[in-house]
Amino acid sequence: MLREDLFSIPRHVGIIMDGNGRWATARGLARTRGHREGIEAAKRIVIAAIDRKIEYLSLYAFSTENWRRASEEVSFIMGLVARNLRSQYGFYRKHNVKVRHSGNLAGLPPEVQSEIQAVSDETRDHSALTVNLAVNYGGRDEIVRSVNRWLETRGEDSVPAEAFSEQLLAEHLDLPDLPDPDLIIRTGGDRRMSNFLLWESAYAELYFSDHFWPDWNGEDFERALKDYATRKRNFGGMR
Ligand code: IPE
Ligand code: IPE
Ligand code: MG
């Protein structure tokens, strides 16, 4: 039996919200319907995360590779992101959720950029949970943008010998103040990272669920947390 006082809660959970398309196809519905239902699942998990006093929740909503999909699906997802950021203000206020973004903002349609900006401003003082929406996010892309940000901080005549370092890379990530994720969850049955938080998840615990994202609820989340609590994290040290 797990003792309650040993039930360690992750500070930062990342979720690869996968399986929307298959959830819909299995029901004879359009894939887009799965994305719509995926938003409801995200709201359920945000509430579950607040209940569990998790501080940071990173939600992978659209990858830098997802542009390869049919243009109708891409436009639908972009519209859904923009509309939902706006229509969920009440939800963020009620649950005291701070919304932030990681990923390549400049590569998003202007209306999505402005909604992300607006919701980030609107919720900046909320404090129950920080939700990091990863939209047009790729782990490799983030690392490259980090290096470029660092290069931009250097003067023309800076000494070439100034060595780049893990610390400098981490300081120039999209959200450098976020702690590394303790737990990464992937729903939908596949067991891969698909370019999510590559740098940050170096020592994250991984949890895979066969359930499609639109079916996810508080019980699934609780199962993932229970499993996490049994892990012995080692960070390369001695056991
Ligand atoms: C995840 O669900 C959502 C996005 C990638 C936008 P998918 O759309 O990848 O669903 P499956 O994996 O095809 O079932
Ligand atoms: C990962 O899912 C991206 C998101 C959940 C946003 P994908 O469906 O894009 O991943 P692959 O293509 O199966 O690896
Ligand atoms: Mg998928």
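These legends accompany close-up views of a predicted model with its ligand.

**View 1. Ligand 1 in its pocket.** Welcome to the largest pocket, which is where ligand 1 sits. The shell around ligand 1 counts 13 residues, and those that come nearest are D18, G21, R22, R31 and R69.

**View 2. Polar contacts of ligand 1.** Here we look at individual atom pairs. A polar side-chain atom of R69 is found 2.7 Å from an oxygen atom of ligand 1. The backbone takes part too: a polar backbone atom of G21 lies 2.9 Å from an oxygen atom of ligand 1, and for a polar backbone atom of G19 the distance to an oxygen atom of ligand 1 is 3.4 Å. On its own, ligand 1 has 380 Å² of accessible area, and the protein covers 87% of this.

**View 3. Helices around ligand 1.** Step back to the helices that build the shell. At least two shell residues come from each of α1 (20-25), α2 (31-51) and α3. With three residues, α1 gives the largest share of the shell around ligand 1.

View 4. Is N84 buried or exposed? N84 is buried, because its relative accessible area is 14%, and the cut-off for buried is under 20%. Leaving aside residues up to four places away in sequence, N84 touches I39 and Y92.

Definitions and conventions: Residues are numbered from 1 along each chain as its sequence is written. Chains are lettered from A and ligands numbered from 1 in the order in which they are written. This is a predicted model: local features need pLDDT of at least 70, side-chain atom pairs count only at pLDDT 80 or more; totals for chains, interfaces and linings use all residues. Side-chain values use heavy atoms; hydrogens and water are left out. Buried means under 20% relative accessible area, exposed over 50%, partly exposed in between (1.4 Å probe, protein chains only). Contact means heavy atoms within 4.5 Å. A residue is near a molecule or strand if one of its heavy atoms lies within 4 Å of it. A polar contact is a pair of N or O atoms within 3.5 Å; within protein, one must be able to donate a hydrogen and the other to accept it, and residues adjacent in sequence count only if both atoms are side-chain atoms. Accessible areas come from the Shrake-Rupley method with a 1.4 Å probe; for residues, only the protein chains shown count as cover. On a 1 Å grid over the protein atoms alone, a cavity is a set of points where a 1.4 Å probe fits but cannot get out, and a pocket is an open set with protein on both sides within 12 Å along at least five of seven lines; lining residues have an atom within 4 Å of a point. A molecule sits in a cavity or pocket if more than half of its atoms lie within 2 Å of its grid points. Helices (H or I, at least four residues) and strands (E, at least two) are DSSP runs, numbered from the N terminus.
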